[in-house]
Amino acid sequence: MNDGQKIIQQVYAAKADVKAADQFIRAYLPFIKTETAKFLKRSPIEGHDDELSIAMIAFHEAIGSYSSIRGAFLKYAAVIIKNRLIDYARKESRHRQTVSLNAPADEESASLGEILSDAKDHQEEITMRDATRAEIEELTKQMLEFGVSLSDVADNCPKQQRTLEACRNALQYAKENPELLEELLKTKKLPIGKLADGSGTERKTLERHRKYMVALLLIYTNGFEIIRGHLKQVMKGVAGK
């Protein structure tokens, strides 16, 4: 049994038993601290940095929501931790002002509120950009295992509304039948026949846009929350037209 399989066994044991979950979290506290340090740009201090507590809660959340179709657990947990820390940082930045934000910093400057607001927006933009870049890099790496690049996906994207809708239907069927996502990860092949039969999408449509569909399905297997959020908005636009 390799390390990845051992970790998956531990995760499923932690799902079923509170004591096993506590032991698992303690065993991987160094990992949790490392992920927190990446976000803080320094080592977290126990009992001082709330971010470490947020990261531990996120790790526990990852245990509860994990499925083997999501790939390696630690990669999945790292994404959940980062997203929760980003959420926490945003909330804190909105509630941290304890001085009069409308008072001018000096006689000729903008108000302190405007300065802090600009700084906050800039930091949030940087944080979100870094998180998005990390997700794109991880997705790109996973797609390469299927022989698919980002440029391939762009070139293979359906151009007609009807075809986009057909691919959306196939994606929805795969989401409702996660064994298809698991088969994709195991075989490194798109289950075109099953997707076509289950979703009613023509097989030749899926074959023509195989690389595009591989990317779509991968996005729903391993915690790409930012990319998924963007994709949901795109799909809503497709459905509404």
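**Exercise 1. Work out how helix 8 and helix 9 are oriented relative to each other.**

Before we start, a word on the model: it is predicted, so local features need pLDDT of at least 70 and side-chain atom pairs count only at pLDDT 80 or more, while totals for chains, interfaces and linings use all residues. Residues are numbered from 1 along each chain as its sequence is written, and side-chain values use heavy atoms, with hydrogens and water left out.

- Step 1: find the helices. Helix 8 covers residues 161–176 and helix 9 covers residues 178–187. Helices are DSSP runs (H or I, at least four residues), strands are E runs of at least two, and both are numbered from the N terminus.
- Step 2: check the axes. They come within 4 Å and cross at roughly 95°. Axes here are lines fitted to C-alpha atoms, for helices over the stretch in contact, with angles from 0 to 180 degrees between N-to-C directions.
- Step 3: list the residues that meet. Y173, A174, K175 and E176 in helix 8 touch P178, L180 and L181 in helix 9; contact means heavy atoms within 4.5 Å.
- Step 4: sort the residues of this contact. You get 5 nonpolar, no polar and 2 charged. Nonpolar means Ala, Val, Leu, Ile, Met, Phe, Trp, Tyr, Cys and Pro; charged means Asp, Glu, Lys and Arg; the others, Gly among them, are polar.

**Exercise 2. Decide whether F146 is buried or exposed, and find what it touches.**

Solution. 

- Step 1: locate F146. It sits in the loop between helix 6 and helix 7 (150–156).
- Step 2: look at the area. F146 has a relative accessible area of 9%, so it is buried (buried is under 20%, exposed over 50%, partly exposed in between, with a 1.4 Å probe and protein chains only).
- Step 3: skip neighbours within four places in sequence and list the contacts. F146 then touches L184, K188, K189, R210, V214 and L218.
- Step 4: compare sequence with space. F146 and K211 are 65 residues apart in sequence, yet 8.6 Å apart from C-alpha to C-alpha.

**Exercise 3. Find out how many residues of helix 12 are buried.**

Solution. 

- Step 1: count. 8 of the 10 residues are buried, so helix 12 is largely enclosed by the rest of the structure.
- Step 2: name them. The buried ones are Y212, M213, V214, A215, L216, L217, L218 and I219.
- Step 3: step back to H209, in the loop between helix 11 (203–208) and helix 12 (210–219). H209 is buried too, with a relative accessible area of 9%.
- Step 4: list its partners. Not counting residues up to four places away in sequence, H209 touches N156, C157, P158, T163 and C167.

**Exercise 4. Describe the phi angles of K41 and K188.**

Solution. 

- Step 1: recall the background. Most residues other than glycine have a negative phi.
- Step 2: read the values. Phi of K41 is near 70°, and K188 has a positive phi of about 60°.
- Step 3: K41 is in the loop between helix 3 (29–40) and helix 4 (50–65), whereas K188 is in the loop between helix 9 and helix 10 (192–199).
- Step 4: check accessibility. K41 is exposed at 68% relative accessible area, while K188 counts as partly exposed at 35%.

Terms used: Angles under 35 degrees count as roughly parallel, over 145 as roughly antiparallel, 65 to 115 as roughly perpendicular and the rest as oblique.
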